[in-house]
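Open the model in your viewer and keep the selection tool ready. This tour goes from one stop to the next.

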Amino acid sequence: MACAAARSPADQDRFICIYPAYLNNKKTIAEGRRIPISKAVENPTATEIQDVCSAVGLNVFLEKNKMYSREWNRDVQYRGRVRVQLKQEDGSLCLVQFPSHYTLSLISGS
């Protein structure tokens with residue numbers, strides 16, 4: 001556990017993950033949607049999420065071959081996840097308007 005505490009928030013493996021299922025208005029909460037239907041979009045792709053987060057000014061990268069564990073459909077359309085950096089090396093926020101995973105999901109979904 002001591003080495004886990006020594007890792008920097010800026011390490012790529014510490015970035016948060018956003019799967020398209022989190023933002024999909026066609027999914028139920030049990031299927032993985034994490035935001036209200038009114039804020040969700042229809043069938044978002046990981047590339048679209050990456051584009052939105054990049055446009056806002058966040059440091060992101062796309063992992064194309066990763067899949068959400070609750071996703072039963074293995075089509076290419078449903079693959080991928082986006083890793084987003086919320087905190088800098090010193091632990092401060094990269095962008096003040098996105099202090100958490102939830103607030104970032106809301107902007108990605110709208």
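Which residues line the largest cavity? Select Tyr-19, Pro-20, Ala-21, Asn-24, Lys-27, Asn-43, Pro-44, Tyr-68, Glu-71, Gln-77, Tyr-78 and Gly-80. A cavity here is a set of points on a 1 Å grid over the protein atoms alone where a 1.4 Å probe fits but cannot get out, and lining residues have an atom within 4 Å of a point.

This is a predicted model, in which local features need pLDDT of at least 70, side-chain atom pairs count only at pLDDT 80 or more, and totals for chains, interfaces and linings use all residues. Residues are numbered from 1 along each chain as its sequence is written, and side-chain values use heavy atoms, without hydrogens and water.

Colour the lining by class: six residues are nonpolar, four polar and two charged. Tyr and Pro count as nonpolar, Gly as polar. The space inside is about 90 Å³, taken as that filled by probe spheres set on the points. Searching the whole structure gives one cavity of 30 Å³ or more.

Next, show the sheet. It is open, with three strands in the order S1-S3-S2 and antiparallel pairing. Strands are DSSP runs of E, at least two residues, and helices are runs of H or I, at least four; two strands pair if DSSP finds at least two bridges between them. Strand S1 (16–18) and strand S2 (60–63) are the edges.

Now select S3, residues 81–84. Three bridges join S3 to S1. Find Ile-16: its bridge partner in S3 is Val-84.

Last, select helix H2, residues 46–56. H2 packs on the sheet and touches S1, S2 and S3, contact meaning heavy atoms within 4.5 Å.

Technical notes:
1 Å grid on protein atoms, 1.4 Å probe; cavity = no way out; pocket = protein on both sides within 12 Å on 5 of 7 lines; lining within 4 Å. Axes fitted to C-alpha atoms, helices over the stretch in contact; angles between N-to-C directions.
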